Amino acid sequence: MVIRAAIFSLLFVLSVVAQAESPLVDVDFSHSSNEVHIKEKGSFDGVLPQGGAVDSPYWNSSIASSKVLSENGKDFLRIHVEKFGDSVQFSWPVQDLKAPGYYKLSVVFKSGSGNLTLCLRQVPPPYESIWSEKANADSSGTWCVRTYTFRIERGSTFPIALFLIFRQAGDYDLASLKLSRLTPDEFYAMIARPDKGTTNFFRN
């Protein structure tokens, strides 16, 4: 009985840890197989990862497409913005966003065309943002990792989504996007570390 109780306790602790470490959003763009074809005021034609949505064709004249490509044996998703109207934006729902709370957001991408905007925002009107940051592309057009740690002071009674926004025409290559919750200790430990800057995501 003692052994059984010990095993049960260990499994319970492991389960709690696994739940605590589970990302709120975890997108692998190489697994983009959900076909999306929209032609309204603007248009989008291509594939997205499971759970991803694009709404900009419904309210502005931007034209965009996407396809999975491969480089050095690794797949990624290329977003091609052919015509820029107001913005091209994709979103993933965020469940159980707690405020106040600490978070880490990482994106792996490259672009010779422009930067990305990352935004946690209300889905319905009035579309209020609770956090936003511009992710600068590497000037050489190589793969880079951009990681942000931040505290959210207040939440929302409305559904929240993580938005990935493109604000000019061109090509944007996406590898991954991850939003995780941090403990206060993890947060303060991370902001104390020096910024390692750009990493070569596809180095062999």
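Reply: R151 and E153 form a salt bridge, with their closest N and O atoms 2.7 Å apart; the term means a side-chain nitrogen of Lys or Arg within 4 Å of a carboxyl oxygen of Asp or Glu. R151 is partly exposed at 35% relative accessible area, while E153 is exposed at 52%. Here buried means under 20% relative accessible area, exposed over 50%, and partly exposed in between (1.4 Å probe, protein chains only). This is a predicted model, in which local features need pLDDT of at least 70, side-chain atom pairs count only at pLDDT 80 or more, and totals for chains, interfaces and linings use all residues. Residues are numbered from 1 along each chain as its sequence is written, and side-chain values use heavy atoms, with hydrogens and water left out.

The structure holds 7 salt bridges. Another of them joins D96 to R181, the closest N and O atoms being 3.9 Å apart. This pair links distant parts of the chain, 85 residues apart: D96 lies in the loop between β7 (88-94) and β8, R181 in strand β13 (residues 170-182). Strands (E, at least two residues) are DSSP runs, numbered from the N terminus. D96 is partly exposed, with a relative accessible area of 48%, and R181 is partly exposed at 26%.

The side chains of D173 and K110 also meet in a salt bridge, at 3.9 Å from N to O. D173 is in strand β13 and K110 in strand β8, 63 residues apart. D173 is buried at 3%, and K110 is buried at 13%. Both belong to a network of salt bridges that links E71, R78, K110 and D173.

Definitions and conventions
Helix = DSSP H or I, 4+ residues; strand = E, 2+ residues; numbered from the N terminus.
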